[in-house]
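Visitor: I am new to this structure. Please show me how to read it.

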Amino acid sequence: MTSHPYEVLAAQRLLPVLRNADADEAVRATTALLAAGCRAVELTTSTSGWAGAVARTAELAGAHGRPALIGVGTVTTAAQARAALDAGAAFLVSPYPAPEVREVAARRGAVFVEGGFTPAEIASAVRACGAAKVFPAHVGGPGFVRSLRAVLPDAVLIPTGGIGPDEVPDWIAAGATAVGIGSGLPSDPEALAAVFTRFRPAVPDGSAVPAAGPGVPGRGVPGDPGPASRPAAAPEFRP
């Protein structure tokens with residue numbers, strides 16, 4: 001059973017990014033996603049009472065009894081980073097380079113997906129954390145991720161911004177490890193479950209496993225010798 005956020009995201013392929021009006025709404029939306037087979041969900045600091053929502057959802061489990069991995073996005077200050085981790089966040093996400101957040105994450109041994117748009121920003125994030133949020137992704141399109149993958153073959157790349165669920169296959173084919181989705185997911189429980197089933201290959205016992213592909217250390221990435229090649233700065237996460 002995988003538990004590091006990078007591996008969970010590589011298996012899940014979709015990262016729902018929730019910008020709800022308040023904490024109660026965020027908890028309801030997260031609960032529905034977990035019931036649909038999602039495990040990693042990103043709440044955001046733009047939600048009123050977000051820290052309380054993180055604390056309440058971090059204790060939940062997914063459809064297969066696995067602990068939820070609740071991330072916090074739009075984290076741009078040290079205070080936000082500390083509050084998110086204190087509330088139980090499994091990972092932090094910023095929309096652009098955030099040195100203060102990177103420092104807190106390093107000091108706390110936390111997983112941080114730092115945002116960037118230029119190749120230099122993305123490479124810097126990858127060197128520090130092993131992962132980068134490509135934002136706003138729709139500006140460059142899948143072709144931009146394909147170009148980034150050519151020079152960052154082992155990076156965890158998560159394009160986010162202006163991407164709909166039906167476009168996810170194009171981004172995965174271009175080399176995205178997972179894709180951030182801020183809107184467009186169905187509200188019907190069965191339809192929502194079908195979305196996650198579509199992108200999560202199953203093994204006989206019913207659990208999901210990461211598909212071989214870019215950004216999944218030791219999972220069939222060309223030229224990747226295995227876990228030892230994981231970027232040194234990418235902290236190990238234990239729920």
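Guide: Start at a helix end: Gly109 follows helix 5 and has a positive phi, near 65°. Helices (H or I, at least four residues) and strands (E, at least two) are DSSP runs, numbered from the N terminus. The model is predicted, so local features need pLDDT of at least 70 and side-chain atom pairs pLDDT 80 or more, while totals for chains, interfaces and linings use all residues. Residues are numbered from 1 along each chain as its sequence is written, and side-chain values use heavy atoms, with hydrogens and water left out.

Visitor: Which residues of helix 5 are buried?

Guide: Buried means under 20% relative accessible area, exposed over 50%, and partly exposed in between (1.4 Å probe, protein chains only). In helix 5, Val101, Val104 and Ala105 are the buried residues. They sit on the same side of helix 5, because their arc around the axis is only 100°. That arc is taken from the directions from the helix axis to the C-beta atoms.

Visitor: Why do residues three or four places apart point the same way?

Guide: An α-helix has 3.6 residues a turn, so residues three or four places apart point the same way.

Visitor: What covers the buried residues of helix 5?

Guide: Contact means heavy atoms within 4.5 Å. The cover includes helix 4, strand 4 (91-93) and strand 5. On the face turned away from the buried side, helix 5 carries the exposed residues Pro99, Glu103, Ala106 and Arg107.

Visitor: How many salt bridges does the structure hold?

Guide: A salt bridge is a side-chain nitrogen of Lys or Arg within 4 Å of a carboxyl oxygen of Asp or Glu. The structure holds four. One of them joins Glu114 and Arg102, with the closest N and O atoms 2.4 Å apart. Glu114 is in strand 5 (residues 111-116) and Arg102 in helix 5, so this pair links distant parts of the chain, 12 residues apart.

Visitor: Is Glu114 buried or exposed?

Guide: Glu114 is buried, at 2% relative accessible area.

Visitor: Which residue forms a salt bridge with Asp86?

Guide: Arg108 does, with 2.8 Å between the closest N and O atoms. Asp86 lies in helix 4 (residues 78-86) and Arg108 in helix 5 (residues 99-108), 22 residues apart. Asp86 is exposed at 58%. Arg108 is partly exposed at 40%.

Visitor: Where do Arg56 and Asp24 lie?

Guide: Their side chains meet in a salt bridge (2.9 Å, N to O). Arg56 is in helix 3 (residues 50-57) and Asp24 in helix 2 (residues 23-35), so the pair ties together parts 32 residues apart in sequence. Arg56 is partly exposed at 41%, and Asp24 is partly exposed at 42%.
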